[in-house]
Amino acid sequence: MIYTVTVNPALDYVIQLKKVKAGKVNRSNDCQFLAGGKGINVSQILNQLDVDNTAWGFVGGFTGKELVRQLNVKQIVNDFVTISDDTRVNVKVHAQKETEINAAGPEIDQQEITAFKARLDDLNKGDIVVLSGSLTPSLPSDFYEQLLPTIKEAGAEFAIDTTGQALLDSLKYHPLVIKPNQHELAELFDVDLVNKEDILKAAKKLQEMGAQNVLISLADQGAYLLTHDHVYYANPARGITVNSVGAGDSMIAGFVGTYYQTQDPVKALQVGAACGGATAFSEGIAVKSQIDTLLPQIKVQKIQ
Ligand SMILES: Nc1ncnc2c1ncn2[C@@H]1O[C@H](COP(=O)(O)OP(=O)(O)OP(=O)(O)O)[C@@H](O)[C@H]1O
Ligand SMILES: O=P(O)(O)OC[C@@]1(O)O[C@H](CO)[C@@H](O)[C@@H]1O
């Protein structure tokens with residue numbers, strides 16, 4: 001089983017308009033509330049790939065109820081801890097440029113944290129836990145790290161999609177895969193990454209620090225994968241970008257879901273790149289038909 005963890009999920013309020021003028025009244029052409037949060041997006045793609053998974057995390061209030069309603073409609077299995085504060089709303093403005101305003105997130109108390117940690121008792125050998133996204137301000141900054149010994153003791157693997165020190169602190173527990181984008185990779189080591197060599201050198205460092213596989217996503221430039229033995233490059237799919245929100249989550253889902261089924265990191269990279277592209281080319285998170293259409297376009301090359 002794959003478990004996704006979204007401790008700070010969101011209703012994404014996606015607003016479409018031609019142009020935003022700062023300081024003026026702007027009127028939208030279209031808007032909708034979509035269940036979001038990085039781990040939840042991973043679950044959505046896993047469902048499209050027919051990979052069994054359960055979404056874990058914290059939800060609360062009227063926003064949390066709507067989020068769970070949407071997941072149930074899509075038959076995404078979920079087992080959230082209910083909190084007394086409201087799940088956040090993140091605003092995504094799609095105009096001449098994409099602008100995102102992500103809220104900090106709700107208060108989570110000690111009892112709710114304890115209830116969440118008890119979920120980990122369900123883990124079995126061979127399971128994969130995908131930990132994704134920001135923490136709420138009330139959670140300790142080492143919250144992910146606190147979960148890792150239990151996950152490993154159960155014989156499960158984990159993937160982690162977070163940034164900064166929290167990502168670095170997870171490496172000693174040997175994540176199955178991490179996926180910083182080029183910008184996040186540069187920030188991790190406080191360096192400029194000007195060419196391929198710089199990127200691969202920084203990615204190699206993350207592997208030396210403990211990651212089993214390192215995926216570096218480059219948006220419309222494709223992605224690199226460092227495995228134990230080799231380095232691979234996956235080209236980007238061709239298409240018109242309409243939304244980059246969730247492309248990274250989709251790539252992780254494609255990678256982890258395929259790895260779980262095949263144990264083949266190269267196939268996993270191919271599917272991950274197709275899932276990322278499919279989401280970038282669609283209004284929300286991609287569906288199976290879009291992923292299947294792009295899959296043959298992705299050729300994985302061994303470059304080292
Ligand atoms: N415009 C695009 N065209 C083709 N493929 C894309 C495009 N955008 C994303 N992808 C695919 O999805 C992968 C992940 O995208 P990206 O690098 O933007 O992740 P990210 O920065 O984590 O995304 P986000 O935070 O917006 O979800 C890329 O490596 C690529 O394979
Ligand atoms: O604030 P975080 O947790 O870093 O990111 C949250 C978020 O931007 O990530 C998803 C896209 O990756 C969205 O669905 C969601 O709003």
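**Exercise 1. The shell around ligand 1**

Identify which helices each supply at least two residues of the shell around ligand 1 in this predicted model, and state how the residues of that shell divide by class.

*Solution.* Begin with the secondary structure: helix H8 (247–262) and helix H9 (265–280) each supply at least two residues of the shell around ligand 1. Next, turn to the individual residues, where Ser217, Pro236, Gly248, Gly276 and Gly277 come nearest among the 21 residues around the ligand. Finally, sort the shell by class, which gives 10 nonpolar, 9 polar and 2 charged residues.

**Exercise 2. The shell around ligand 2**

Determine how many residues surround ligand 2, and find which elements give two or more residues to its shell.

*Solution.* The count is 16 residues, and the closest are Gly36, Asn90, Asn102, Gly133 and Ser134. The elements that give two or more residues to this shell are strand S2 (10–16), helix H1 (38–48) and H8. By class, the shell around ligand 2 holds 2 nonpolar, 10 polar and 4 charged residues.

**Exercise 3. The sheet and its edges**

Write down the strand order of the open sheet of 10 strands, and explain why one side of strand S5 and of strand S14 is left without a neighbour in the sheet.

*Solution.* Reading across the sheet, the order is S5-S4-S1-S8-S9-S10-S11-S12-S13-S14, and the pairing is mixed. Strand S5 (81–83) and strand S14 (300–302) stand at the edges with a single partner strand each, so one side of each has no neighbour in the sheet. For one pair in detail, take strand S8 (residues 128–132) and strand S9 (residues 157–161), which run parallel and are joined by 5 bridges; here Val130 stands opposite Ala159 in S9.

**Exercise 4. Helix H7 and what follows**

Compare the length of helix H7 with the span expected at 1.5 Å a residue, and state what phi Gly210 takes just after the helix.

*Solution.* Helix H7 (residues 196–208) has 13 residues, and the distance from its first C-alpha to its last is 18 Å, close to the expected 18 Å. Just after H7, Gly210 takes a positive phi of about 135 degrees.

**Exercise 5. The whole protein**

*Solution.* The protein has 10 helices and 14 strands. As for confidence, the protein averages a pLDDT of 97, and 100% of the residues score at least 70.

Terms used
Residues are numbered from 1 along each chain as its sequence is written. Chains are lettered from A and ligands numbered from 1 in the order in which they are written. This is a predicted model: local features need pLDDT of at least 70, side-chain atom pairs count only at pLDDT 80 or more; totals for chains, interfaces and linings use all residues. pLDDT is the predictor's confidence in each residue, from 0 to 100. Helices (H or I, at least four residues) and strands (E, at least two) are DSSP runs, numbered from the N terminus. The expected span of a helix is 1.5 Å times one less than its number of residues. A residue is near a molecule or strand if its C-beta atom, placed from the backbone, lies within 6 Å of it. Ala, Val, Leu, Ile, Met, Phe, Trp, Tyr, Cys and Pro count as nonpolar, Asp, Glu, Lys and Arg as charged, and the others, Gly among them, as polar. Two strands pair if DSSP finds at least two bridges between them.
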